[in-house]
Amino acid sequence: MKFTLSWLKDHLETSASVDEIDEALTDLGLEVEEISNPMDRLSAFTIGKVKEAEKHPDADKLRVCQVETDEGMTQIICGAPNARAGITVVIAKPGVYVPGIDTTIGVGKIRGIESFGMMCSEREMELSDEHDGIIELPSGEVGDSFTDWLAANDPAKVDPMIEIAITPNRPDALGVRGIARDLAARGLGKMKPRDVVPVETSFQSDITVSIDDDTMDGCPVFCGQLIKGVKNGPSPRWLQDALLAIGLRPISFLVDVTNFFTYDRNRPLHVFDADKVKGNLRVHRAKGGETITALDEKEYTLQPGQMVISDDSGAESIAGIMGGLSTGVTEETVNVFVESAYWDPVQIAYAGRALKINSDARYRFERGVDPAFTPDGLDHAVRMIVDNAGGEVSEMIVAGKVPDTSRAFRLDAARVQSLVGMDIPEAEQRQTLTALGFELSGDMAHVPSWRPDVMGEADLVEEVARVASLTKLQGKPMPRISSGVPKPVLTLGQRREQISRRTMAALGYNECVTYSFVDANSAAMFGGGGDASMLENPISSEMSHMRPSLLPGLLQAAARNQTRGFADLALFEVGPVWSGGEPEDQEVLACGILVGHTGPKDVHGARRPVDVYDAKADAEAVLHALGAPAKVQFQRGLSDWWHPGRSARMALGKTSLAGFGELHPKVLDAMDIKGPAVGFAVHIKNVPVPKSKSATRPALHLNDLQAVERDFAFVVDTAVEAITLVNAAKGADKALVDDVRVFDEYLMGDGQKSLAITVRLQPTDATLTDKDIEAVSAKIVEKINKATGGSLRA
C-alpha cells in the first residue's frame, strides 16, 4: 500500500514528521517497507542567477555563463539552448551528486575553459522527463535551497512516498483514510471530515441492474448512477501527481477517479461507457465457456459459477476483478454508468486465482472492503466527477441491500490490563476504541463495518494494546510461589533431550533442525508412508507425511552439503518421529550420521572411511550419558534401511535402546549420498531410570584381589557371530567373569573360523586358585559349545 505525505494530510491534520509517522505505523502493526523522500536526494541543490552568458570561443552550442551563487560569482559552461543572462536557475556545485545522470559533479575543463558546477534540467534531477533546457524558476533568491523553493511552490515534486506492508487481517488499511485513522488513534493528529453532499439528481437511469437469486450470496448489494454529458480528458494536476507518486499511470479523468478512490477509501469502482451498454445490467453466475476481453486487452474464458456482469449482448465485466474492454470509457465518452458494489471475498479470491488476474480491485475485494460504504463511495465518486467533468446525474439504483455486519463484544477493562500487562486506564481504552471507529454502549463495543477482522473480545484487547504500544511494556520478574531454591521444572524427557544434544555436540556432531514432514517415497523407505501418517493438507508434495525416522532429514541435509563441496559430515538431530497417526505413536529419538571420512587428509595417514564401529562408539557414549547400564545385549535384525551384516541393536532383553550400523547401499543411492555413511538412533524413552536419583557420584569401590585373564580360541562355523561367544562366556559365571573381549579372528576354510577371546576373572572374596580357574574355564568351554557348537582349538 503506497501513499504520499500530502495525501495522508488530506485526511489527517498533523504536524508529525515523516520519521515520526514511520515509527508510529510500524509500531501499530502497519510495517513501513519503504520511504522515498525526494528532498533527501535534492537537498544539496541551490538557487543561482545567470548574470552573463557568452558564446564559447571553441564551441557553437556552448555558453560560458557567469552565475551568482551563495559563494559568489561562479563560471559554469552550459549547452542548454535556453541558457542566457537574467534567468534564475538550479545549481549543482562541485561534489554534488546528480541522480538523473548518476554523476557527482566536479571541476573540469570543457574545450579549454574551466567549469565549476552545473545548471540542471528537470530530468537530471528526476523531477520529470523534461530535458529540452535547464530549469528556469519564476522566483527564488540566490543561495536558497531548491527543495525549500519546491516545497513552497510545487510541493508535489518533493512529496515523500510511504509504502507499508498490509497483513491479510487489516483490509481497512488499504485506504489512506484507514491509515490516518490509526495514526489519529495513536495521537499523531486529528481526523479531518471528508463527507460530501450527494449530487442532486434530475432523472431516472435508463440502465437498470438486477442480481440473480443464486448470486445474492456473492453480490448482496450493487449501486449505480448514470451521469450524462460528462467531459472526459486529462485529470487535474493534483490527481495526476497523486497517482504518479504511488506508481500509477494517469489514463483519463474517469479512470483516474476510480483508481483514486481505490487507494483513498479502499473502495474499488468501475465506470461503464453507458452508450456502449446494450440494454440493462445483470449480475449472475457464468455457465462456463463465456469469453470476455478485459481492460488489460487479454481474453479470458469464464468458468462455471464465476460471477460476471452482463448486458443484453453478453459479459461486460468480471465481477469484482476487472472490467471489460468493450464498455470501457475513452476520451470520447460523454455518458457513464458508475458502479459501486460489494463482492464476497472468498468467491472473488477463487475466481481471481482461477483466471490468474491480479488487479487492485481483486486485491481489495478478496481481503474485504467496507460493505456499508458501498453507496457512500458512489456518492463521493459521482461528486468528484460532476465537480470536474460536469454532467447530470440520475437517481441511485440499488439492487439488493447492504449486508448487516453489526456485532458487539464486551469490553472488560480489567481483563485488558491483565492480558496486556500494562496499566491502561479504562477511560483511555474507551477513547482508543472510539478513535478507531467503535461505538461504545455501556461495556459493549460495536464493531465498525470496515473491520471484518474483529471477531471477539480478544480482538478488542489487541486493538487497545497496539494503539497503547507494546514497546512500553516493562519486564517484571514473576513472583515466587515458594521461598528457597525452586525445584527443577524440566521433565525427565526434556533433560534427556538436553543431555543427548550436549553429548553429540561434544562428540563433534553438528545439529540439524529438519522438517517433521517428508515426501511419500522417503517415508516409505524408512518404514512409514501409510495413510495414518499422511497429512490432509500438506504444504507441498515433498512434505506429505509425518516422518517415521530422523534419518531422511539428516540424509537430505548431508546430500545438500555434499553438492556444495562438504564431503565429510557429522550431523545429528533430536526430535519426534511418528509410527502412526495416534498420540501414542509419537516418540523422541536422538539420531546421528557420519558420512565420508574421519578427518581431512594428513601426512600421517590417520584419515580413514567411517565405519560401523564409529557409530557404535558414539551410540554407546549417548547411552552412557543418559544413564543406561554398561552391559547391554547386541542383537541382529534391524530395519531394512540398515546394512544387514553391518548393523546391530543394543537392547535390554526385548527393550531396544539403540540401533547403529551402516546405511543400506540402496538407501544411500536413493538419497544421493556419496561415500560411506553410518549412523545410530537412540530411543530416549527406553533407557531405564537409574534407581539412585542423586546427582552425587557413588563411592569408588576398588578390589584388592588380583584379577586373572585367560585366553581361549574356539573353532566355530563362519556364520557364528562373535557376540554369541561373548555372551555365552559372560553367562558362564556372572559373579567371576568381569569382561570378555574378542582379540583375533582367523578363517580356516571349509566353512570354519577361529575366534579368540580374553576372559577377565575378578574375585571378590578370595584369591583364585588354579582349581577355581580351571573350573570356571570348563564352564566357559561348555557354555560356548552349547551356544555355538564350537570346540576349543587345539
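Visitor: Where does glutamate 297 lie?

Guide: Glutamate 297 sits in the loop between β20 (291-293) and β21 (299-301). Strands here are DSSP runs of E with at least two residues, helices are runs of H or I with at least four, and both are numbered from the N terminus. The model is predicted, so local features need pLDDT of at least 70 and side-chain atom pairs pLDDT 80 or more, while totals for chains, interfaces and linings use all residues. Residues are numbered from 1 along each chain as its sequence is written, and side-chain values use heavy atoms, without hydrogens and water.

Visitor: Why does glutamate 297 count as exposed?

Guide: Its relative accessibility is 62%. Exposed means over 50% relative accessible area, buried under 20%, and partly exposed in between (1.4 Å probe, protein chains only). Glutamate 297 therefore counts as exposed.

Visitor: What makes the contact of arginine 41 and glutamate 126 a salt bridge?

Guide: The N to O distance between these side chains is 3.5 Å. A salt bridge requires a side-chain nitrogen of Lys or Arg within 4 Å of a carboxyl oxygen of Asp or Glu, so the pair of arginine 41 and glutamate 126 qualifies. Arginine 41 belongs to helix α3 (residues 38-42) and glutamate 126 to the loop between β12 (118-119) and α4 (146-153), so the pair ties together parts 85 residues apart in sequence.

Visitor: Why is arginine 41 called partly exposed?

Guide: Arginine 41 has a relative accessible area of 30%, which falls between the limits for buried and exposed.

Visitor: Which residues does the salt bridge of aspartate 568 link, and at what distance?

Guide: Aspartate 568 meets arginine 607 at 3.1 Å, N to O. Aspartate 568 is in the loop between α16 (551-563) and β34 (569-578), and arginine 607 is in the loop between β35 (586-595) and α17 (612-626), 39 residues apart. The whole structure holds 41 salt bridges.

Visitor: How many disulfides does the structure hold?

Guide: The count is 0. A disulfide is a pair of cysteine sulfur atoms within 2.5 Å. For cysteine 78, the nearest cysteine sulfur, that of cysteine 65, is 5.5 Å away, and cysteine 78 is in no disulfide. Cysteine 219 is in no disulfide either; the nearest cysteine sulfur, that of cysteine 223, is 9.1 Å away.

Visitor: How do you know whether cysteine 219 is buried or exposed?

Guide: Its relative accessibility is 0%, so cysteine 219 counts as buried. Cysteine 78 is also buried, with a relative accessible area of 6%.
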